[in-house]
Amino acid sequence: MPGSTTLATRRNSRRYAADAGLLFVAAAFVLPLAWVLLSSVDPKADLKVKVPDGVTLDNFDAVLKPDITFTPLLNSLILCGGATLLTVVCAALAAYPLSRFRSRLNRPFLLTIIFATSLPITAIMVPVYALFVQVDLIDTMQGTIFFFAASQLPFAIWLMKNFMDGVPKELEEAAWTDGASSFQSLLRIVLPLMGPGVAVVTVFSFVMMWGNFFVPFMLLLTPDQMPASVSINDFFGNRGTVVYGQLAAFSIIYSTPVVLLYVLVARRLGGGFALGGAVKG
């Protein structure tokens, strides 16, 4: 029938348009990754995505130096690892009463947290810089760790609270009956059961800090303390000259810790809260 044929044609047209849109989005993600991989082994790398005429590891040899890669990477691991650990611990302690105890202040507090996540980091850096100068935390690793953790904490609390709501309270009540305190039930029951949630908060916090350029650039002054997110700017030379091959090689090395972290916690991310049977019987 003509009507059904026209309807099928419209559906096919919409499907083709959707497929074309998805392919365009996929290309937007794949092309930069392809440029990084190909340029890292290209002796004559430029801004074009092309198969190199010859494969070389000279770009990696040039960047695998203590002052170029190893020291900045170590600084990044110290900053982001310490701040992530502090963020996860504080988020768990803050999310627990929000999840388990009801109060008229819970909703305003959560709304304040959500509002805090929308504040641009550039809007608060001037007063933060002045405060850090007054308390002698400027150009210190611990001061940058504290600010990293504070900037990620609002969203981490919100995430952790939502995951914590999925753990049945009956399991804690059974532990309380056996004499466990609230802190012991959080440590021994709630957190182990919400492993996927802790993994999500950990990966999200670490990734957001790992790629942050502005905060360490403002709060750290000594070149030896600069993380890799700031030292990558050294590959952009004067008058617009860029060593693209070394930049691509450094980018691959710089991305490796984040990829390894995701691989290590991937099995936790795939877990679920299949706890329904734990409260039956």
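**Exercise 1.** Which side chain meets that of Lys-50 in a salt bridge?

*Solution.* The model is predicted: local features need pLDDT of at least 70, side-chain atom pairs count only at pLDDT 80 or more, and totals for chains, interfaces and linings use all residues. Residues are numbered from 1 along each chain as its sequence is written, and side-chain values use heavy atoms, with hydrogens and water left out.

Step 1. Apply the criterion: a salt bridge is a side-chain nitrogen of Lys or Arg within 4 Å of a carboxyl oxygen of Asp or Glu.

Step 2. The partner of Lys-50 is Asp-46, at 3.5 Å from N to O.

Step 3. Classify both residues (buried: under 20% relative accessible area; exposed: over 50%; partly exposed: in between; 1.4 Å probe, protein chains only). Lys-50 is partly exposed at 32%, and Asp-46 is partly exposed at 24%.

**Exercise 2.** State how many salt bridges the structure holds, and describe the one formed by Asp-165.

*Solution.* Step 1. The structure holds two salt bridges.

Step 2. Asp-165 pairs with Lys-161 at 3.0 Å, N to O.

Step 3. Asp-165 is partly exposed, with 35% relative accessibility, whereas Lys-161 is buried at 16%.

**Exercise 3.** Describe the chain over residues 108-132 and residues 241-265.

*Solution.* Step 1. An unreviewed UniProt entry annotates several stretches as "transmembrane region", including 108-132 and 241-265; UniProt positions are given in the numbering used here, feature names are shortened, and annotations may be inferred rather than shown by experiment.

Step 2. Helices (H or I, at least four residues) and strands (E, at least two) are DSSP runs, numbered from the N terminus.

Step 3. Residues 108-132 are 88% helix and 0% strand, with end C-alpha atoms 29 Å apart.

Step 4. Residues 241-265 are 88% helix and 0% strand, with end C-alpha atoms 39 Å apart.
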